[in-house]
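Please keep the sequence and the structure in view while reading.

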Amino acid sequence: MHAYDFRCKTCSISFTLTYKSYRDYDAAEKHCPKCGSIELARVIKRINVQAPTRDYGRMTSEDMLSVFESGDSRQVGQMFDQVAGTSPELGAQFHETTKRLMGGESMESVERSLQDQDATKNGGVSSIVPPPAAPSTAD
Ligand SMILES: [Zn+2]
């Protein structure tokens, strides 16, 4: 079972919903058990990256997702650094991204500049987060 913490934006109570799988969580209609509101904020559990033994390389994709969702650039940067730090084929751009994230720059800002770069210079890591599947009109 996976537990997900939420806070109701309408009545402000906090509660936990549990699902058998991430797929179930994704498909479920989530509403406040007290007032029935669907205006919920996901409460992301902090992942302690201060622990030197934190091994992002062994993180599940779900754990990684919650790091992304946390919006904490430093955490994401550290995760990238651990996951890809030993893969030189990922290229300088990736390491630049990691460095900037770890320096505290926001993911939005880093990603936007990567997309700008990608428009002029093809190749490398075009986005730090896989973009939603969009029909390619390049011809
Ligand atoms: Zn509520």
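In this predicted model, the mean pLDDT by element is highest in β2, at 90, and lowest in α5, at 70. Across the protein the mean pLDDT is 73, with 63% of the residues reaching 70 or more. The protein holds five helices and three strands, which follow one another from the N terminus in the order β-β-α-β-α-α-α-α.

**Confidence and overall make-up**

- Residues 122–127 have a pLDDT below 50, and in the model this stretch makes 14 contacts beyond near neighbours in sequence.
- Of the 139 residues in the protein, 12% are buried.

- The three strands form an open sheet in the order β2-β1-β3, and their pairing is antiparallel. The edge strands, each of which pairs on one side only, are β2, covering residues 14–19, and β3, covering residues 40–43. From one strand to the next, the twist averages 40°.
- Strand β1 is paired with β2 in the antiparallel sense through six bridges; within this pairing Ala-3 has Thr-18 of β2 as its bridge partner, and Asp-5 stands opposite Thr-16 of β2.
- Strand β1, residues 2–8, also runs antiparallel to β3, to which four bridges join it; here Phe-6 is set opposite Arg-42 of β3, while Cys-8 has Leu-40 of β3 as its bridge partner.
- In a regular strand, side chains alternate between the two faces of the sheet.

**The hairpin and Ser-12**

- Five residues lie between the strands in the hairpin of β1 and β2, and within this hairpin Ser-12 takes a positive phi near 70°.
- Most residues other than glycine have a negative phi. Ser-12 has a positive phi of about 70° although it is not a glycine.
- Ser-12 belongs to the loop between β1 and β2, and this residue counts as exposed because 11 other C-beta atoms lie within 10 Å, where exposure is assigned at 12 or fewer.

**The nonpolar core**

- Which residues make up the largest nonpolar core? This core has seven residues, namely Val-67, Val-76, Met-79, Phe-80, Leu-101, Val-110 and Leu-114. Helices α3, residues 73–84, and α5, residues 107–120, each supply at least two residues of this core, and the largest share, three residues, comes from α3.
- In soluble globular proteins, nonpolar side chains tend to be buried together.
- Leu-101, one of the core residues, is in contact with Ser-73, Arg-74, Val-76, Gly-77, Phe-80, Met-107 and Val-110, once its neighbours within four places in sequence are left aside.

- Although Glu-62 and Tyr-22 are 40 residues apart along the chain, their C-alpha atoms are separated by 7.7 Å.
- Glu-108 is found in helix α5, the element with the lowest mean pLDDT, and this glutamate too counts as exposed, with 10 C-beta neighbours inside 10 Å. From C-alpha to C-alpha, Glu-108 and Gly-71 are 9.3 Å apart in space, while in sequence they are 37 residues apart.

How values were computed. Residues are numbered from 1 along each chain as its sequence is written. This is a predicted model: local features need pLDDT of at least 70, side-chain atom pairs count only at pLDDT 80 or more; totals for chains, interfaces and linings use all residues. A residue is buried if 20 or more other C-beta atoms lie within 10 Å of its own, exposed if 12 or fewer, and partly exposed in between; C-beta atoms are placed from the backbone. Two strands pair if DSSP finds at least two bridges between them. Axes are lines fitted to C-alpha atoms, for helices over the stretch in contact, and angles run from 0 to 180 degrees between N-to-C directions. A nonpolar core is a set of buried Ala, Val, Leu, Ile, Met, Phe, Trp, Tyr and Cys residues joined through C-beta atoms within 7 Å. Two residues are in contact if their C-beta atoms, placed from the backbone, lie within 7 Å. pLDDT is the predictor's confidence in each residue, from 0 to 100.
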